[in-house]
Amino acid sequence: MNIFTNSTQCEVDFFHKKISKNIKKIRLENNLKQLDVALEIGINSVAFYSNCENCKYGKHFNLGHIYKIAKIFNIEPYELLK
């Protein structure tokens, strides 16, 4: 028995999708383009940012991205996780 299998890949994918949805929502509420946010957090590829925001091709935001995005919108990072 592996004691470290307390979640399924489906659960993890759902978590990433929830975060991405929250990021997209706040970005749109603030009338920012994906490119604006991508460049501000140090991502030079809008395609990569778009893939993260839409959970395409297994791409997702990492903790550093989440922290920087929260700073852009003057919110606490945990707000993007709920």
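In which helix does Leu39 lie? Leu39 belongs to helix α2, which spans residues 34-40, helices being DSSP runs of H or I with at least four residues, numbered from the N terminus.

The model is predicted, so that local features need pLDDT of at least 70 and side-chain atom pairs count only at pLDDT 80 or more, while totals for chains, interfaces and linings use all residues. Residues are numbered from 1 along each chain as its sequence is written, and side-chain values use heavy atoms, with hydrogens and water left out.

The protein has five helices and zero strands, and 28% of its 82 residues count as buried, where buried means under 20% relative accessible area, exposed over 50%, and partly exposed in between (1.4 Å probe, protein chains only). Leu39 counts as partly exposed because its relative accessibility is 48%.

Helix α4 covers residues 63-72, and His65, Ile66, Ile69 and Ala70 are buried in it. These residues cover an arc of only 130° around the axis, which puts them on the same side of α4; the arc is that of the directions from the helix axis to the C-beta atoms. On the other side of α4, Leu63 and Lys71 are exposed.

The following helices are among the elements that cover the buried residues of α4.

| Helix | Residues |
|---|---|
| α1 | 9-29 |
| α3 | 46-53 |
| α5 | 78-81 |

After α4 comes Asn74, whose phi is positive, near 55°.

Conventions: Helix = DSSP H or I, 4+ residues; strand = E, 2+ residues; numbered from the N terminus. Contact = heavy atoms within 4.5 Å.
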